[in-house]
Amino acid sequence: ASYDEQAGGIGIDAQEPEERPTSQIDQTVKALLDEEEHLLDMHMKSIHENAELLTEEGGLLEAVQGEDYDIDEYASRLGEILDRKTVLMHSLQERLGSFRNLLRKEEELSGLS
């Protein structure tokens, strides 16, 4: 049997090159790109949810300007809306912080800082 037959019909030139281990900079760049995608997605979702909450706030204000309104219900719902906005803002700030940390790390590894 020839070498080609013993190797299952695959010649030496058709062999896959060995994968080199990924460097720290390659890993950081990949993590940075992933984090960027997550940040942009979270930001977009936050904008949409904030728009919905803003619309609801407008409705609350309209309701209390009428003659028949429940101020306790208004105060309760406004508190819930503000709590949700706070969570959205803090989550986005945390994601931004993670992104900035990876950006700094990538710059250091690249020798830019």
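This is a predicted model: local features need pLDDT of at least 70, side-chain atom pairs count only at pLDDT 80 or more; totals for chains, interfaces and linings use all residues.

Reader: What makes up the secondary structure of the chain?

Author: The chain has three helices and zero strands. Read from the N terminus, the order of elements is α-α-α. Of its 113 residues, 13% count as buried. The chain exposes about 9100 Å², and carbon and sulfur atoms supply 52% of that area.

Reader: Why is serine 46 called buried?

Author: The relative accessibility of serine 46 is 6%. Buried means under 20%, so serine 46 counts as buried. Serine 46 belongs to helix 2, which covers residues 24-65. Leaving aside residues up to four places away in sequence, serine 46 touches Leu88 and Leu92.

Reader: What makes lysine 45 and aspartate 41 a salt bridge?

Author: The closest N and O atoms of lysine 45 and aspartate 41 are 3.2 Å apart. A salt bridge requires a side-chain nitrogen of Lys or Arg within 4 Å of a carboxyl oxygen of Asp or Glu, and the pair is therefore assigned as one. Because the two residues are four residues apart in helix 2, about one helical turn separates them.

Reader: Why is lysine 45 called exposed, and why is aspartate 41 called partly exposed?

Author: Exposed means over 50% relative accessible area, and partly exposed lies between that value and the buried limit of 20%. Lysine 45, at 53%, therefore counts as exposed. Aspartate 41, at 39%, counts as partly exposed.

Reader: How do you know that arginine 77 forms a salt bridge with glutamate 56?

Author: The closest N and O atoms of arginine 77 and glutamate 56 are 2.4 Å apart, and the cut-off is 4 Å. The pair links distant parts of the chain, with arginine 77 in helix 3 and glutamate 56 in helix 2, 21 residues apart. Arginine 77 has a relative accessible area of 25% and is therefore partly exposed. Glutamate 56, at 30%, is likewise partly exposed. Glu56 and Arg77 also belong, with Glu80, to a network of salt bridges.

Reader: What makes glutamate 57 and lysine 85 a salt bridge?

Author: Their closest N and O atoms are 2.5 Å apart, and the limit is 4 Å. This pair, too, links distant parts of the chain: glutamate 57 is in helix 2 and lysine 85 in helix 3, 28 residues apart. Glutamate 57 has a relative accessible area of 17%; buried means under 20%, so glutamate 57 is buried. Lysine 85, with 24%, is partly exposed.

Reader: How many salt bridges does the structure hold?

Author: The structure holds seven salt bridges.

Reader: Why is glutamate 108 called exposed?

Author: Its relative accessible area is 53%. Exposed means over 50%, so glutamate 108 is exposed. Glutamate 108 is found in helix 3. The C-alpha atoms of glutamate 108 and isoleucine 25 are separated by 9.4 Å, although the two residues are 83 residues apart along the chain.

Reader: Why is glutamate 37 called exposed?

Author: At 57% relative accessibility, glutamate 37 passes the limit of over 50% and therefore counts as exposed. Glutamate 37 lies in helix 2. Its C-alpha atom and that of phenylalanine 99, 62 residues apart along the chain, are separated by 9.9 Å.

Reader: Which residues form the negative surface patch, and why is aspartate 70 called partly exposed?

Author: The patch is formed by Glu67, Asp68, Asp70, Asp72 and Glu73. Aspartate 70 lies in the loop between helix 2 and helix 3, the latter spanning 71-110. At 42% relative accessibility, aspartate 70 counts as partly exposed. Membership of a patch requires over 30% relative accessible area.

Reader: What share of contacts between residues at least 6 apart in sequence joins residues at least 24 apart?

Author: Among such contacts in the chain, the share is 74%.

Definitions and conventions. Residues are numbered from 1 along each chain as its sequence is written. Side-chain values use heavy atoms; hydrogens and water are left out. Buried means under 20% relative accessible area, exposed over 50%, partly exposed in between (1.4 Å probe, protein chains only). Contact means heavy atoms within 4.5 Å. Patches are made of residues with over 30% relative accessible area and no salt bridge: like charges are joined within 9 Å, nonpolar side chains (Val, Leu, Ile, Met, Phe, Trp, Tyr) within 5 Å. Accessible areas come from the Shrake-Rupley method with a 1.4 Å probe; for residues, only the protein chains shown count as cover. Lys and Arg count as positive and Asp and Glu as negative; His and the chain ends are not counted. The place of a charge is taken as NZ of Lys, CZ of Arg, CG of Asp or CD of Glu.
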